[in-house]
Amino acid sequence: MATSQLTTSSVTASTRNLIQSDLRQMMLSCQIDNRYFVWRQNRASFEELRHSSVKFASFGTLKPGTLTHRSFKELVVKAATVVAPKYTSIKPLGDRVLVKIKEAEEKTEGGILLPTTAQSKPQGGEVVAVGEGKTIGKTKVECSVQSGAQVIYSKYAGTEIEFNGANHLLLKEDDIVGILETDDIKDLKPLNERVFIKVSEAEEKTTGGLLLTQATKEKPSIGTVIAVGPGTLDEEGNAKPLSVTPGNTVLYSKYAGNDFKSNDGNDYIALGASEIMAVLS
């Protein structure tokens, strides 16, 4: 009887220890840029990270074997490709453009410091190098932007590169939305077949007269064309004018383009001409 009780007690304790161990492993999580990865479910990915050299914004380069699960807390992975100091220049090929990224705003207009997670990802910068252009049909077409130009580009375009201690973006010319010669987005000059639109204000009331809260206001998909690009190029390298002109009121795809806010608080959107569905009158 004693032996039976001892065996049962041992089994119970052993089972309890196994359950507690499993629970500890399941609860162990890693935070990378506000994304959580459960240790048990992502063990293979974690092991892969442990045995590679990964660069983090806060800690520099971590060598193989030095990364533990505690190292993941509050870390942000830098996705930029780091160019070694021995390389002194980058020459883009084809219709690619190298842009030095504008630094993110670290303060609000009121002077409040923003944490890294609250800082908006920049969508602008200065062109520092351009490729030789592209070939359309039998025509060689040079890039429409030159070194020194301040440009706005699509939010998720290109490949980020860390070069000479600064962040750069290597992207195709078609990913550049437009040229900005002032500090206000409302002065954007769109390129190619891009259209720059001032978004109409959202309705403040329902048709029945009920006031809408900010959260329930429907995102407008109507606006006034402010500026248009020169258009797409035909096989002879000539620009084909767009079917909309400044001043037109247009209806566009609801989730299209890149959104911007000007210094005066108005909303703007830059999108491709193909994303405009109709002209309203």
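This is a predicted model: local features need pLDDT of at least 70, side-chain atom pairs count only at pLDDT 80 or more; totals for chains, interfaces and linings use all residues.
Q: Why are the rings of Phe-196 and Tyr-268 called a stacked pair?
A: Rings of Phe, Tyr and Trp (its six-membered ring) pair if their centres lie within 6.5 Å, and planes under 30 degrees apart count as stacked, over 60 as edge-to-face and the rest as tilted. The centres of Phe-196 and Tyr-268 are 5.1 Å apart and their planes stand at 10 degrees, so the pair is stacked.

Q: What makes this pair a tie between parts of the chain?
A: Phe-196 belongs to strand E15 (residues 194-199) and Tyr-268 to strand E21 (residues 267-272), so the pair ties together parts that are 72 residues apart in sequence. Strands (E, at least two residues) and helices (H or I, at least four) are DSSP runs, numbered from the N terminus. The protein chain has 2 helices and 22 strands.

Q: Are Phe-196 and Tyr-268 buried or exposed?
A: Both Phe-196 and Tyr-268 are buried. That word means under 20% relative accessible area, with exposed over 50% and partly exposed in between (1.4 Å probe, protein chains only). Of the 281 residues in the protein chain, 30% are buried.

Q: How do you know that Asp-95 and Lys-172 form a salt bridge?
A: A salt bridge needs a side-chain nitrogen of Lys or Arg within 4 Å of a carboxyl oxygen of Asp or Glu. In the pair Asp-95 and Lys-172, the closest N and O atoms are 3.5 Å apart, and a salt bridge is formed. Asp-95 sits in the loop between strand E5 (81-82) and E6, and Lys-172 in strand E12, so parts 77 residues apart in sequence are tied together. A search of the whole structure finds 4 salt bridges.

Q: Why does Asp-95 count as buried, and why is Lys-172 called partly exposed?
A: The relative accessibility of Asp-95 is 10%, so Asp-95 counts as buried. Lys-172 has a relative accessible area of 36%, so Lys-172 is partly exposed.

Q: What makes Asp-174 and Lys-134 another salt bridge?
A: Their side chains meet at 3.5 Å, N to O. Asp-174 is in the loop between E12 and E13 and Lys-134 is in strand E8 (residues 134-136), so this pair ties together parts that are 40 residues apart in sequence. Asp-174 is partly exposed at 36% relative accessible area, and Lys-134 is partly exposed at 22%.

Q: Why is Glu-181 called exposed?
A: Glu-181 has 60% relative accessibility and so counts as exposed. Its salt-bridge partner is Lys-189, with the closest N and O atoms 3.3 Å apart. Lys-189 is partly exposed, at 46%.

Q: Which residues touch the most other members of the largest nonpolar core?
A: A nonpolar core is a set of buried Ala, Val, Leu, Ile, Met, Phe, Trp, Tyr and Cys residues joined through side-chain atoms within 4.5 Å. This core has 16 residues, and Val-97, Val-99, Val-127, Val-145, Val-151, Leu-171 and Ile-176 touch the most other members. Strands E6 (96-101), E7 (124-130), E10 (150-153), E12 (166-172) and E13 (176-179) each supply at least two of its residues. E6 gives the most, with 3 residues.

Q: What makes the sheet mixed, and in which order do its strands run?
A: The pairing is mixed in this open sheet of 8 strands, ordered E5-E11-E12-E6-E7-E10-E13-E14. Two strands pair if DSSP finds at least two bridges between them. E5 and strand E11 (residues 159-163) pair in the parallel sense over 2 bridges, whereas E11 and E12 pair in the antiparallel sense over 5 bridges. E10 and E13 are also antiparallel, over 3 bridges.

Q: Why are E5 and strand E14 (189-190) called edge strands?
A: Each of the edge strands, E5 and E14, pairs on one side only.

Definitions and conventions: Residues are numbered from 1 along each chain as its sequence is written. Side-chain values use heavy atoms; hydrogens and water are left out.
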